[in-house]
Amino acid sequence: MATTATTTAPGTRDRLVRTASRLMQHGGYENTPVKQLVREAEATLGSLYHFFPGGKQELAVAAIHFGGEEFAELLRAGLAAHTDPAEAVEGVAGLLAEALEASDWRDGCPVTATALETVGRLPELQAACARAFADWQHLVAAKLLASGYPEADARDLAITVINTLEGAETTSQVTMSRTPLLVAGRHLARLVASYRDSYQD
């Protein structure tokens, strides 16, 4: 049955957040000038400070949350595509590789660039990045828990999965190749499966 969808253009606040997320994903926080951000968002400085009285830093926190949730949606889709958690993790790596290549190797992790430059300097941004990583780990852990993995193993494996995928995504981006992500996905799948097999012995 066909349905008619109404598309609503994003408002000024949403445009600011989405633009900040994209620019920070590519260049980090420091390399995202406010004037460029406002221009590309088709907004004004006045509107930026209207929606974000704390200025660029407050907007950046919202942008990190937005980018983190976009990445979480990809994770949810990949994890839900397979009942077996090992296959699901490998599938996520494949989705990341596809998305990265489709962006011409520009759209890597939405928080990595900002996370690395804010450590010890910008606590609010560092905390927002840490929350994003924790949220992604929680999604992986939930998949493992639902598949019968003990809580401690699910937590540790989730940390390992996200850490490995993050590193592999950066390497894929630098080398402009799917291979690092696909190899990481295969090895993570073996690791996840080895834990499952140990419970069945």
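**Exercises: an aromatic cluster and its surroundings**

Phe71, Phe133 and Trp136 form one aromatic cluster. We're working with a predicted model, where local features need pLDDT of at least 70, side-chain atom pairs count only at pLDDT 80 or more, and totals for chains, interfaces and linings use all residues. Residues are numbered from 1 along each chain as its sequence is written, and side-chain values use heavy atoms, with hydrogens and water left out.

**Exercise 1.** Work out how the rings of phenylalanine 71 and tryptophan 136 are arranged.

*Solution.* 
- Start with the rule: rings of Phe, Tyr and Trp (its six-membered ring) pair if their centres lie within 6.5 Å; planes under 30 degrees apart are stacked, over 60 edge-to-face, and the rest tilted.
- That rule gives three aromatic pairs.
- For phenylalanine 71 and tryptophan 136, the centres are 4.3 Å apart and the planes sit at 45 degrees, so call the pair tilted.
- Now place the partners: phenylalanine 71 is in helix H4 and tryptophan 136 in helix H7, so the pair ties together parts 65 residues apart in sequence. (Helices are DSSP runs of H or I with at least four residues, numbered from the N terminus.)

**Exercise 2.** Which residues touch the most other members of the largest nonpolar core?

*Solution.* 
- A nonpolar core is a set of buried Ala, Val, Leu, Ile, Met, Phe, Trp, Tyr and Cys residues joined through side-chain atoms within 4.5 Å.
- The largest one has 57 residues, and Leu16, Leu59, Trp136 and Leu165 touch the most other members.
- Helices H4 and H7 are among those that each supply at least two residues of this core.
- Zoom in on leucine 165: skipping residues up to four places away in sequence, its contacts (heavy atoms within 4.5 Å) are Val92, Ala93, Leu96, Leu181 and Leu188.

**Exercise 3.** Is serine 172 buried or exposed?

*Solution.* 
- Find serine 172 in helix H8, residues 151–175.
- Its relative accessible area is 0%, so serine 172 is buried.
- Beyond its neighbours within four places in sequence, serine 172 contacts Leu100, Trp105, Ser177, Arg178, Pro180 and Leu181.

Note on methods: Buried means under 20% relative accessible area, exposed over 50%, partly exposed in between (1.4 Å probe, protein chains only).
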